[in-house]
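Trainee: I've got a structure open and I'd like to learn how to read it. Could you walk me through some of its features?

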Amino acid sequence: MKETTTIRAELEQYIRREGITISKFGEKTGINAGTISAIINGNRPIAMLLLDRIAAGMGLEEGSLYELYIDEFIRNTAPNWRRVRPFLHRCAELNKLDCIKQVVEFMMDYLIYAPALFETAEELFNEGRHEAAAIIYKNVAESEKYQHSERLALCQYRLFTIAIGDDQDENLWAATHFESFVERLGEADQLDALRDLANTYASLRRWDKVEWFAEKMAQKAKVQYEQKYGNNRKSERGKEPKGPLFMYIVYSYVLRAGVWDERGDYQKALEYVSLYSDLSWVQEDTEEAQRLKALCSNWAEANGYLYQLMSGSLDVIPQYVDYLEKNEGEILVGLHKIMVAANRYDFNVDHVLQHFEKQIEAFADQHAKVGTYTEQMSADLYARFLAEMACYDLNKHRYSKGMKFLLESLSYSVVLNGNPVTIKCVGLFEKYRHTATSEDKEEYKNLLGEVEYIHDKKDRFFSARI
């Protein structure tokens, strides 16, 4: 097609070339012949539904007329939201992101459409069409970057959520970029945003950040809880957070217990466990609240065993194993901590590993891909678990098995860009290099090459944002 062509011209040429009448083309496409005639004569704009039918009738690929449509019916006419909105949705369905970018950039010349564009982005976001939504969020955010609007903050929140993936450096940049916008969000969204930031920093192992955001979340949740259930409760409240209010308070205790665990202060961690083991203060009584309260009790039991184990109380292992048997979703967390304790206190846990042999074999398939920050945390945990398994077997002179776990852990840490795990693996390999086969050494060399590439990419990534 020539650049100067129009949909009308293409349609007219097709009908002439095929030697068919307008009526015949109308029968083929299900479009009234009068409507087709009016379109060809330039007396009628083309609606989105008609555009797709015309393309199909001409034997063209879906969306192949969209660039022409933008030039003919969007850029060269007065903005018409009733035409633009369905066009954006259809482009998102067909993943025609460049078309979305062109239309949104044009519409942003008319700032009156910013709210409507934002609502469309929200619709696409909720449909899971995140790439399309991100284009709109970025443009709306750019138009409001000098304002302190809640809409700007929501755009940044959505972009942060979309950005979280399998590259830890990019996750770090997304989190630090979003931090300053949290206070501009509405009260309900603030709680969800603080939780998401805390989770992201937990996957990044930035424990001071986790503690700060967990404390902030608890403070805000307690204020909202008092407003909703206290003696001076507000009669009217706006938007509610995604979960029951008490869970944001409780989850802050869970996060802070984890922080003290990482710092090696297990007594302090147990103090936080005690705060969420007693939920007699909770006033919510819905079915969802009851389910979450049971979940919190479950966490309290698990973490009670875990922090005792980490403090050297090895006699809790049988109880902890019984608990893990009944709670399959906690097995990876539990085994990782058991391995950390075994390596720290030099005791034998072969019987535990044999007990969970099938589950350990299944972990690799479960963590083959990473994506959201919760998946990111899980995959990071699996990489650390493999590193502890490697350390355990190498220390027991089971070199072949230990090297296998070590190289698996290193390969995961490369994908995740997880420097602490990478450093641990490199240290272990160099310590036990004399036991490695030539194949092990070659794989190790290749993985280190990937590490160097990622570090170079990271330097360029951050330099581009300074």
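This is a predicted model: local features need pLDDT of at least 70, side-chain atom pairs count only at pLDDT 80 or more; totals for chains, interfaces and linings use all residues.

Trainee: Let's start with helices. At what angle do helix 6 and helix 8 pack?

Mentor: The idea is to compare the directions of the two axes, and an angle under 35 degrees counts as roughly parallel. Helix 6 (residues 81–93) and helix 8 (residues 114–126) pack at about 30 degrees, and their axes are 11 Å apart. Helix 6 and helix 8 are therefore roughly parallel to each other.

Trainee: Is the crossing of helix 6 and helix 8 left-handed or right-handed?

Mentor: Right-handed, in this pair.

Trainee: And which residues of helix 6 and helix 8 meet?

Mentor: From helix 6 you have Trp 81, Arg 85, Leu 88, His 89 and Ala 92. On the helix 8 side, they meet Ala 116, Leu 117, Thr 120, Glu 123 and Leu 124. Sort the residues of this contact by class and you get 6 nonpolar, 2 polar and 2 charged.

Trainee: Now the other pair. How do the axes of helix 12 and helix 13 cross?

Mentor: Here the cut-off to remember is 145 degrees: angles over that count as roughly antiparallel. The axes of helix 12 (residues 187–203) and helix 13 (residues 207–229) cross at roughly 160 degrees and come within 9 Å. That's why helix 12 is roughly antiparallel to helix 13. Their crossing is left-handed.

Trainee: Which residues make up the contact between helix 12 and helix 13?

Mentor: Helix 12 brings in residues including Leu 191, Leu 194, Arg 195 and Tyr 201. By class, the residues of the helix 12 and helix 13 contact come to 12 nonpolar, 3 polar and 5 charged.

Trainee: Okay, single residues next. Is Tyr 320 buried or exposed?

Mentor: Check the relative accessible area: under 20% means buried. Tyr 320 has 2%, so Tyr 320 is buried. You'll find Tyr 320 in helix 17 (residues 317–326).

Trainee: What does Tyr 320 touch, leaving out residues up to four places away in sequence?

Mentor: Tyr 320 touches Ala 302, Tyr 305, Leu 306, Leu 309, Gly 334 and Ile 338. Now look at Ala 9: Ala 9 and Tyr 320 are 311 residues apart in sequence, and their C-alpha atoms are 74 Å apart in space.

Trainee: And where is Thr 29?

Mentor: Thr 29 sits in helix 2 (residues 22–29). Its relative accessible area is 10%, so Thr 29 is buried too. A polar atom of the Thr 29 side chain lies 3.4 Å from the backbone nitrogen of Ile 31. Not counting residues up to four places away in sequence, Thr 29 touches Ile 36, Arg 53 and Gly 57.

Trainee: What about serines in loops? Where is Ser 149 found?

Mentor: Ser 149 is in the loop between helix 9 (130–143) and helix 10 (150–163). Ser 149 counts as buried because its relative accessibility is 18%. A polar atom of the Ser 149 side chain is 3.0 Å from the backbone nitrogen of Leu 152. Setting aside neighbours within four places in sequence, Ser 149 is in contact with Glu 144 and Arg 184.

Trainee: And how does Ser 64 count by relative accessibility?

Mentor: Values between the buried and exposed cut-offs, 20% and 50%, are called partly exposed. Ser 64 is at 28%, so Ser 64 counts as partly exposed. Look for Ser 64 in the loop between helix 4 (48–57) and helix 5 (66–75). The Ser 64 side chain reaches the backbone oxygen of Glu 61 at 2.8 Å. Ser 64 and Lys 96 are 32 residues apart along the chain, with their C-alpha atoms separated by 9.8 Å.

Trainee: One last thing, backbone angles. What is phi of Asp 346?

Mentor: Phi of Asp 346 is near 55 degrees, a positive value in a residue other than glycine. Asp 346 is in the loop between helix 18 (331–345) and helix 19 (350–355). At 65% relative accessibility, Asp 346 counts as exposed.

Trainee: And what is phi of His 397?

Mentor: For His 397, phi is near 65 degrees, a positive value in a non-glycine residue. The loop between helix 21 (373–395) and helix 22 (399–416) holds His 397. With 57% relative accessibility, His 397 counts as exposed.

Conventions:
Residues are numbered from 1 along each chain as its sequence is written. Side-chain values use heavy atoms; hydrogens and water are left out. Helices (H or I, at least four residues) and strands (E, at least two) are DSSP runs, numbered from the N terminus. Buried means under 20% relative accessible area, exposed over 50%, partly exposed in between (1.4 Å probe, protein chains only). A polar contact is a pair of N or O atoms within 3.5 Å; within protein, one must be able to donate a hydrogen and the other to accept it, and residues adjacent in sequence count only if both atoms are side-chain atoms. Contact means heavy atoms within 4.5 Å. Axes are lines fitted to C-alpha atoms, for helices over the stretch in contact, and angles run from 0 to 180 degrees between N-to-C directions. Angles under 35 degrees count as roughly parallel, over 145 as roughly antiparallel, 65 to 115 as roughly perpendicular and the rest as oblique. A crossing is left-handed if the near helix is turned anticlockwise from the far one by less than a right angle, and right-handed if clockwise. Ala, Val, Leu, Ile, Met, Phe, Trp, Tyr, Cys and Pro count as nonpolar, Asp, Glu, Lys and Arg as charged, and the others, Gly among them, as polar.
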